[in-house]
Amino acid sequence: MLHLVLDTNTVLSGLLWSGTPKRLIAAARAAEVTLFSSVPLLEELGGVILREKFRPLLTTRGIKAEELFNGYAALCRIVEPVRIQRTSIDPDDDAVLATGLAASADLIVSGDAHLLNLKTFHRIPIITAADAVSRITQELP
């Protein structure tokens with residue numbers, strides 16, 4: 001079973017819209033993959049999901065931000081990010097990398113160009129949601 005760390009943009013896309021990132025969340029719910037996160041990544045998600053621009057979407061769907069957040073957090077195994085040298089211009093990106101390393105993740109999944117341009121971090125591939133879904137499909141019996 002693949003161990004994944006999802007960047008906040010991928011998580012949010014998977015929770016709020018249909019599409020490829022949603023398939024990653026569904027794979028975790030079906031126990032086809034294991035999701036890992038950390039307090040810094042969950043804090044970022046908690047802040048982003050409460051942004052005003054998402055409120056109408058949540059209201060239309062009858063979803064509370066807190067329930068969405070708690071549901072995702074419950075899917076994840078929480079790890080303590082390891083200390084890493086500054087890798088990115090964005091500290092949030094470094095939190096994703098540090099979480100991936102702490103989780104011994106098989107994949108870091110992101111839509112962020114800064115992360116995707118790295119391609120790997122300590123031999124952990126950094127890939128898009130579409131590539132992750134492809135890999136999961138290949139792993140399933």
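**Helix packing and nearby details**

Guide: In this predicted model, helix α1 passes helix α3 in a right-handed crossing. The two helices, residues 8-16 and residues 39-49, pack at an angle of about 50 degrees, and their axes lie 10 Å apart. That angle makes α1 oblique to α3. On the α1 side the contact is made by Thr8, Val11 and Leu12, and on the α3 side by Leu41, Glu44, Leu45, Val48 and Ile49. Sorted by class, this contact of α1 with α3 has 6 nonpolar, 1 polar and 1 charged residues.

Of the 9 residues of α1, 7 are buried, so the helix is largely enclosed by the rest of the structure. The buried residues are Thr8, Thr10, Val11, Leu12, Gly14, Leu15 and Leu16.

The crossing of α2 and α8 is left-handed. Thr20, Pro21, Arg23, Leu24 and Ala27 of α2 meet Ala129, Ala130, Ala132, Val133 and Ile136 of α8. By class, the contact of α2 with α8 has 8 nonpolar, 1 polar and 1 charged residues.

Helix α6, residues 91-102, can be described by its length and burial. Its 12 residues reach 16 Å from the first C-alpha to the last, close to the 16 Å expected at 1.5 Å a residue. Asp93, Asp94, Ala95, Val96, Leu97, Ala98, Thr99 and Gly100 are the buried residues of α6. After α6 comes Ser104, whose phi is positive, near 50 degrees.

Positive phi values also occur in two loops. Most residues other than glycine have a negative phi. Lys119, which is not a glycine, has a positive phi near 70 degrees. Lys119 sits in the loop between α7 (113-118) and β5 (120-121). With a relative accessibility of 58%, Lys119 counts as exposed. Arg123 is likewise not a glycine and has a positive phi of about 70 degrees. The loop that holds Arg123 runs between β5 and β6 (124-127). Arg123 has 81% relative accessibility and therefore counts as exposed.

Notes. Residues are numbered from 1 along each chain as its sequence is written. This is a predicted model: local features need pLDDT of at least 70, side-chain atom pairs count only at pLDDT 80 or more; totals for chains, interfaces and linings use all residues. Side-chain values use heavy atoms; hydrogens and water are left out. Axes are lines fitted to C-alpha atoms, for helices over the stretch in contact, and angles run from 0 to 180 degrees between N-to-C directions. Helices (H or I, at least four residues) and strands (E, at least two) are DSSP runs, numbered from the N terminus. Angles under 35 degrees count as roughly parallel, over 145 as roughly antiparallel, 65 to 115 as roughly perpendicular and the rest as oblique. A crossing is left-handed if the near helix is turned anticlockwise from the far one by less than a right angle, and right-handed if clockwise. Contact means heavy atoms within 4.5 Å. Ala, Val, Leu, Ile, Met, Phe, Trp, Tyr, Cys and Pro count as nonpolar, Asp, Glu, Lys and Arg as charged, and the others, Gly among them, as polar. The expected span of a helix is 1.5 Å times one less than its number of residues. Buried means under 20% relative accessible area, exposed over 50%, partly exposed in between (1.4 Å probe, protein chains only).
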